[in-house]
Amino acid sequence: MYAIFITGTAGSGKSLLTSCLTQWFNAKGSYAIAVNLDPGALSLPYEPDVDIRDYIDIQTIMDSYQLGPNGALIFATDLIATRFQEIQDEIDSLSPDYAIIDTPGQVELFAYRNNGPYIVENIKCDERAILFLFDSMLVSTPINFVSIALLNASIQLRLRAPHVALLSKKDLIGEKWKKILKWASDRAALESAIKEEARSIDYLLGSGILRNLARIGFSYELIPVSAVTQEGMVELSATLTRIFKGGEEIED
Ligand SMILES: Nc1nc2c(ncn2[C@@H]2O[C@H](COP(=O)(O)OP(=O)(O)O)[C@@H](O)[C@H]2O)c(=O)[nH]1
Ligand SMILES: [Mg+2]
């Protein structure tokens with residue numbers, strides 16, 4: 001079984017991509033399941049095969065501990081690891097080829113607290129990968145792009161598994177995705193874009209962060225995807241196959 005964790009800022013398209021990718025694999029003849037690890041999800045654009053909300057209920061937590069919605073969400077997210085065995089058992093009983101795992105809306109609750117690293121490390125699977133979504137709505141300026149790239153690097157530090165960077169919601173930005181892909185792959189182009197657009201104080205900070213990111217290997221093969229039109233699914237699944245099957249022969 002291959003485990004694919006979907007991460008990204010709130011609203012970046014994690015849940016819709018979970019739905020899209022699950023359908024994509026199933027249409028190609030693999031057996032993929034959608035796993036919801038977001039205890040705070042009010043509604044989901046897919047019917048989860050395995051759902052943390054069966055074990056953790058935000059309303060009960062709010063009532064029992066007299067917490068507001070925010071406190072209850074943090075509490076609930078911290079509890080995910082304590083119910084992980086049940087989630088694992090459910091996944092095992094389905095024996096999927098792929099588990100597509102939707103993570104909590106706010107990425108910091110998953111990545112920066114203990115539950116995310118614990119689950120990524122302990123899930124029983126042959127291989128795992130982390131998808132990180134660069135929301136096209138957020139990375140439309142070079143400074144914002146660098147900020148999200150910094151977040152991506154920070155999440156890589158926390159969730160130790162091969163990472164794939166995606167540009168989500170490609171269908172919403174017309175031809176702008178080309179410019180964003182250029183920034184991702186060409187540091188000099190990004191730095192000069194920062195210089196053109198940013199105030200001098202932002203330039204110093206933005207280019208300083210960028211240079212430091214470059215030292216740890218700043219250059220993305222950012223894959224543009226749309227969970228609405230299914231664009232980019234071919235490229236994404238080919239990249240996942242390369243990660244999972246390594247040197248083995250790649251099927252189409
Ligand atoms: N046009 C478009 N909208 C998208 C896409 N992916 C997500 N959305 C929309 O963006 C919003 C947030 O998506 P969601 O999957 O809930 O984000 P999450 O918070 O990261 O799980 C929803 O209104 C989705 O319908 C996409 O590829 N294209
Ligand atoms: Mg979501």
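Let's begin with ligand 1: 16 residues surround it, and the closest are Gly 13, Lys 14, Ser 15, Leu 16 and Ala 227. Keep in mind that this is a predicted model.

**Around the ligand**
- Helix α1, residues 14–27, gives the largest share of the shell around ligand 1, with 3 residues.
- By type, the shell around ligand 1 splits into 8 polar, 5 nonpolar and 3 charged residues.

**The overall build**
- The protein's secondary structure amounts to 11 helices and 7 strands.
- Its C-alpha trace spans about 50 × 50 × 30 Å along the principal axes.
- A compact globule of 252 residues would have a radius of gyration near 18 Å, and the protein's 19 Å agrees with that.
- Of the contacts with a separation of 6 or more, 74% link residues 24 or more positions apart.

**Inside the protein**
- Buried residues account for 39% of the 252 residues.
- The largest nonpolar core holds 63 residues, and Ile 4, Val 35, Ile 100, Ile 101 and Leu 166 have the most contacts inside it.
- Take Ile 4: leaving aside neighbours within four places in sequence, its contacts are Tyr 98, Ile 100, Ile 101, Ala 129, Leu 131 and Leu 240.

**A look at helix α7**
- Helix α7 has 17 residues (142–158), so at 1.5 Å a residue it should span 24 Å; its end C-alpha atoms are 25 Å apart, which agrees.
- Its buried residues are Pro 142, Phe 145, Val 146, Ala 149, Asn 152 and Ile 155.
- An α-helix has 3.6 residues a turn, so residues three or four places apart point the same way.

Notes
Residues are numbered from 1 along each chain as its sequence is written. Chains are lettered from A and ligands numbered from 1 in the order in which they are written. This is a predicted model: local features need pLDDT of at least 70, side-chain atom pairs count only at pLDDT 80 or more; totals for chains, interfaces and linings use all residues. Helices (H or I, at least four residues) and strands (E, at least two) are DSSP runs, numbered from the N terminus. The expected span of a helix is 1.5 Å times one less than its number of residues. A residue is buried if 20 or more other C-beta atoms lie within 10 Å of its own, exposed if 12 or fewer, and partly exposed in between; C-beta atoms are placed from the backbone. A residue is near a molecule or strand if its C-beta atom, placed from the backbone, lies within 6 Å of it. Ala, Val, Leu, Ile, Met, Phe, Trp, Tyr, Cys and Pro count as nonpolar, Asp, Glu, Lys and Arg as charged, and the others, Gly among them, as polar. A nonpolar core is a set of buried Ala, Val, Leu, Ile, Met, Phe, Trp, Tyr and Cys residues joined through C-beta atoms within 7 Å. Two residues are in contact if their C-beta atoms, placed from the backbone, lie within 7 Å. The radius of gyration is taken over C-alpha atoms; the globule rule is 2.2 Å times the number of residues to the power 0.38.
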